[in-house]
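Hello,

Here is the structure I promised to pass on to you.

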Amino acid sequence: MNIIFWILAAVIAVCSILTVTTKRILRAATYLLFVLFATAGIYFLLNYSFLGAVQLTVYAGGIIILYVFSIFLTSTTRDEQKAKLKTGKLAAGLLTALAGAAICIFLILTHSFGATYPVGDEVQMSEIGTALLGTGKYQYLLPFEAIGVLLLAGIIGGILIARKR
Amino acid sequence: MFDFSVVTKWVDDLLNGILSPTWATFIEFVLIGVCILTAYAVIALALIYIERKVCAFFQCRLGPNRVGPFGLLQSVADMFKMLIKEIIDIKHNDKFLFNLAPYVVIAASVLAFGCIPFGKGLHILDFNIGIFFLIAVSSIGVVGILLAGWSSNNKYSLIGAMRSGAQMISYELSIGLSILTIVIFAGSMQLSTIVESQANGWFLFRGHIPALIAFLVYLVAGTAETNRGPFDLPEADSELTAGYHTEYSGMHFGFFYLAEYLNLFIVAAVASTLFLGGWMPLHIPGWDGFNQIMDYIPSPLWFLGKTAVMIFIMMWFKWTFPRLRIDQLLRLEWKYLLPINLINLVLMVIIVVFKIHF
């Protein structure tokens with residue numbers, strides 16, 4: 001159990017760093033894919049296979065493919081030349097990174113993490129379904145519908161932009 | 001009916017008896033890995049042979065007939081040829097992505113292969129959300145194809161990869177929705193539960209009209225998902241030489257080749273599991289004697305038999321229909337299959353709610 005966690009954690013850490021340090025944009029997308037795989041692996045390790053599978057379909061199977069397609073359609077090899085960073089931008093980036101790191105380290109040190117091992121069995125799919133579409137306490141019908149309307153609006157907006165006049 | 005979980009349990013107890021739990025688990029991982037990869041390779045070789053024979057008979061030829069009796073060893077010989085071929089380095093490409101892409105494709109297909117129930121108790125990954133996991137991992141393969149097309153630095157490969165990406169993403173919707181129809185009917189996503197609930201009749205018969213529509217849609221979408229003819233325009237040899245794997249050689253090409261055949265097997269196996277009862281024998285409620293006789297046939301044989309029928313139908317498609325154009329392909333999915341599927345989903349819900357099924 002522990003060994004697998006450390007392997008996944010190492011993959012996440014190494015690939016995250018490679019994602020931002022690599023010069024080629026498609027490689028960055030591939031490293032990001034590995035990060036998302038390893039995250040899904042951690043969900044599976046926690047016995048929450050539903051979230052793991054959602055992670056795989058939505059992020060690995062959806063978002064990354066979207067990224068790759070947009071890279072295909074927009075980038076040329078000339079874009080991959082070294083771009084000079086301006087001093088102001090560099091300072092702003094460093095400041096943001098430091099602030100982000102400070103917040104993360106503060107949270108990790110002050111928050112008491114609960115169980116470190118999977119608790120109980122796999123969550124039943126029917127339980128997740130009832131929670132998503134129920135109206136009681138700790139049930140999520142309203143957010144579910146709101147997200148549905150948002151996505152529909154997104155689709156209609158996309159069609160409106162893309163249609164032929 | 002023999003339950004294979006007896007065997008797996010025996011192996012598990014044996015290993016746990018003589019080793020510490022960590023090592024026992026580790027050895028089980030290795031054992032399962034070896035079994036699954038062997039099955040993967042053997043099934044792929046068998047499928048390549050079958051495809052060549054079926055293709056030959058459709059074209060009034062004999063097919064492979066020199067190596068071994070009836071040419072049975074032809075694909076084994078081909079495998080050795082592939083294994084000892086040189087992997088050619090090509091210039092001006094992204095070496096890392098170029099070498100990575102075949103592994104992404106094959107990993108996705110091995111993961112999906114691991115979910116399939118081969119017989120009673122003969123099941124590697126049996127998640128609560130089994131079928132959803134299967135769709136999730138099989139959608140990763142498309143990333144490998146896109147990477148292969150891009151990193152080959154060849155415009156034909158890139159066009160092939162783009163076509164393949166567009167095709168697989170679109171037809172995944174149809175596959176997902178037709179599987180969802182059956183999930184509604186079964187009330188579960190776990191593959192073992194889905195198979196067991198077909199003990200009194202296969203879903204294709206019990207779910208009558210909506211199940212039949214879902215089955216037909218699944219067949220069309222599944223054929224498209226495997227990039228096979230009549231939907232083989234990602235690798236249309238007359239236009240794009242070989243599409244996304246043009247630049248690959250040796251075993252890297254072999255990986256694409258194996259994954260293509262195994263995806264055919266996976267699509268057929270999922271069709272037989274969801275619609276034709278998987279390893280469940282043909283049972284007719286009321287005919288007890290008949291059911292007993294059917295139970296004597298081992299469950300893996302049922303599974304492989306049904307899958308073989310599905311594979312034959314898909315090969316039949318490939319060697320009879322002419323290739324579609326890309327606009328026809330996308331129109332078929334977005335204007336016909338998807339609306340049919342959505343209406344079919346509502347129909348299935350009505351049938352389940354009012355219990356108008358067998």
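**What I found**

Read along the sequence, chain A runs α-α-α-α-α-α. That makes 6 helices and 0 strands in chain A; helices (H or I, at least four residues) and strands (E, at least two) are DSSP runs, numbered from the N terminus.

A word on conventions before the details. Residues are numbered from 1 along each chain as its sequence is written, while chains are lettered from A and ligands numbered from 1 in the order in which they are written. This is a predicted model, in which local features need pLDDT of at least 70 and side-chain atom pairs count only at pLDDT 80 or more, whereas totals for chains, interfaces and linings use all residues.

**Chain A**

Of the 165 residues of chain A, 15% count as buried. Here a residue is buried if 20 or more other C-beta atoms lie within 10 Å of its own, exposed if 12 or fewer, and partly exposed in between, with C-beta atoms placed from the backbone. Among contacts in chain A between residues at least 6 apart in sequence, 51% join residues at least 24 apart; two residues are in contact if their C-beta atoms, placed from the backbone, lie within 7 Å.

Asn47(A) sits in the loop between α2 (25-45) and α3 of chain A. Although Asn47(A) is not a glycine, its phi is positive, about 70°. With 16 other C-beta atoms within 10 Å, Asn47(A) is partly exposed.

Tyr48(A) is also in the loop between α2 and α3 of chain A, and is partly exposed, with 17 other C-beta atoms within 10 Å. Leaving out residues up to four places away in sequence, Tyr48(A) touches Tyr43(A) and Val123(A). The C-alpha atoms of Tyr48(A) and Asp121(A) are 8.8 Å apart, though 73 residues separate the two along the chain.

Tyr138(A) belongs to the loop between α5 (125-133) and α6 (141-162) of chain A. Its phi is near 55°, a positive value in a residue other than glycine. Tyr138(A) is exposed, having 6 other C-beta atoms within 10 Å.

**Where the chains meet**

How many residues of chain B are in contact with chain A? There are 23 of them, in contact with 20 residues of chain A. On the chain B side, the elements giving two or more residues are α4 (95-114), α5, α6 (141-151) and α7 (155-186). That side divides into 19 nonpolar, 3 polar and 1 charged; Ala, Val, Leu, Ile, Met, Phe, Trp, Tyr, Cys and Pro count as nonpolar, Asp, Glu, Lys and Arg as charged, and the others, Gly among them, as polar.

One helix pair across the two chains is worth a look. Helix α3 (residues 49-74) of chain A packs with helix α5 (residues 130-138) of chain B at an angle of about 25°, their axes 8 Å apart. Axes are lines fitted to C-alpha atoms, for helices over the stretch in contact, and angles run from 0 to 180 degrees between N-to-C directions.

Apart from neighbours within four places in sequence, Phe133(B) is in contact with Ser49(A), Ala53(A), Cys115(B), Leu125(B) and Phe127(B).

In α6(B), 11 of the 11 residues are buried, so this helix is largely enclosed by the rest of the structure. Its cover includes α2 and α3 of chain A, together with α4, α5, α7 and α12 of chain B. After α6(B) comes Asn153(B), with a positive phi near 55°.

Best wishes
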